Amino acid sequence: MIEYDEALRLVLEAVPANALATERVPLLDAIGRFTASPVVSDRSYPPFDRATMDGYAVRLSDLDSDRPIAISATIFAGDAQRSYDAPVRLMTGAAVPIGADCVIPREEVDESQGEVISLTPKARVSAGRNIARCGEDLKPGELIFPAGTQIDGTMIGLLAAIGESHPLCSVSPRITIVSTGNEIVSIDDKPQPTQIRNSNAATVQAFFKRMNVPVQRTEHLRDDAASATPVLEECLHTDLLILSGGVSAGDADFVPGVLHALGVQQIFHGVAIKPGKPIWFGYRDVDRHRTLVFALPGNPVAVQVALPLFIEPLLRRWHGSPLSSNLYLPLVGEARPDTRRMQILPGRLISGPHPGVEILKTNGSGDIRASVGSDGLVFLERSWAPGDTVRFRLHGGGR
Ligand SMILES: Nc1nc2c(c(=O)[nH]1)N[C@H]1C(S)=C(S)[C@@H](COP(=O)(O)OP(=O)(O)OC[C@H]3O[C@@H](n4cnc5c(N)ncnc54)[C@H](O)[C@@H]3O)O[C@H]1N2
Ligand code: MOO
């Protein structure tokens, strides 16, 4: 059995370099995808000195607070930028005339005389007020984010603003999902008393859906090496094969043997984490193409945990993206470390005067209900002692 950090290192090391093609993806379909080239701004942002309030553009040096101010024009958003020759009325989003240096909000002036206004006592007049300067957010050609950035909802408006209607993204690896087990039935079936619905297939599919990675193929196999072998041979024609079940020490645990027979090289079998101990990882190289293979334990909670612990970083590495960072937080409440395996437990963030993370109640490493309502996973190290912080991974990876 190896430690988690070592196992993850071996997984990342096995990811083929520069394996991905690129494609342009319509912006709204690109959430969750990874950029394949640096994203740079095509223009200044704001593209001109922009009024941030409805009001009056003035030049401070011309202003005499006691005298009424004659308004020469009204400027709307979209009107061409002009040079300043006299105070103007202008609307939020309009181009401030070149030479004006302050926008006074209309609430701060007396407008009762129409085109001649006067400042009220509450008017605050200072250079640059209510003007967003051309290029203060972005300069033309400025790097916004590098290749390998995962596009999320916070970036869509910005990408739209710089005209990236079809960002260049790396093509995702092809994924095949295989569940195993004679006792497993479809989630549409009514299970017999000792049958179990196939929740693992749904968990893995949902994970890839959230990552916006299409799944090429899904299969379910009975615990029979002879009939499973030709199907698994076909399933190996993919980039990433994820199996669940049949990897521990039982008489029906045929998966490692069949993978070996099919020429898949084992990199590790057994990681000192709970749940997830029997995780198996390897790969097969054929004609310079590598298929990565994970055989996850059947335990549904082990599958839930293995996806963020192994598959999410693997996908990031594949796309040339930095790994999600962990948080190190004080643990609120009690914890009982396991001296043999690091426990991966559902955790909830605690705010208030003593912020941190608390471990949610669980009946053990098979408790399928325990993670509902959690914010992420607590890594409870074997050597953890009261007062130590814990490593915490937000669901979805965070930043
Ligand atoms: N003698 C030993 N027994 C076990 C060991 C061990 O080291 N020595 N490890 C235990 C640990 S830890 C785990 S985790 C499990 C993993 O077992 P397998 O990977 O062989 O998985 P199965 O036995 O096939 O199934 C385990 C469990 O999960 C249920 N399951 C399986 N597939 C699905 C699915 N698609 N959807 C929902 N639930 C599924 C299955 O019914 C079992 O209850 O082994 C321990 N045993
Ligand atoms: O490692 Mo198993 O997943 O404890 O239950």
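Modeller: Here is a short walk through those topics. This is a predicted model: local features need pLDDT of at least 70, side-chain atom pairs count only at pLDDT 80 or more, and totals for chains, interfaces and linings use all residues. Residues are numbered from 1 along each chain as its sequence is written, chains are lettered from A and ligands numbered from 1 in the order in which they are written, and side-chain values use heavy atoms, with hydrogens and water left out.

Biologist: Which residues surround ligand 2?

Modeller: Pro275, Gly276, Lys277, Pro278, Asn299, Ala302, Arg341 and Ser365. Near means a heavy atom within 4 Å.

Biologist: How many of the shell are charged?

Modeller: 2 are charged, with 3 nonpolar and 3 polar. Asp, Glu, Lys and Arg count as charged; Ala, Val, Leu, Ile, Met, Phe, Trp, Tyr, Cys and Pro as nonpolar; the others, Gly among them, as polar.

Biologist: What about polar contacts?

Modeller: Those are N or O pairs within 3.5 Å. Ser365 uses a polar side-chain atom, 3.1 Å from a ligand 2 oxygen.

Biologist: New topic. What is the strand order in the open sheet of 4 strands?

Modeller: 6-7-4-8, with mixed pairing. Strands are DSSP E runs of at least two residues, numbered from the N terminus; pairing takes at least two DSSP bridges. Strand 6 (74–75) and strand 8 (102–105) are the edges.

Biologist: How do strand 4 and strand 7 pair?

Modeller: Antiparallel, over 3 bridges. Gly55 has Leu90 as its bridge partner in strand 7.

Key: A polar contact is a pair of N or O atoms within 3.5 Å; within protein, one must be able to donate a hydrogen and the other to accept it, and residues adjacent in sequence count only if both atoms are side-chain atoms.
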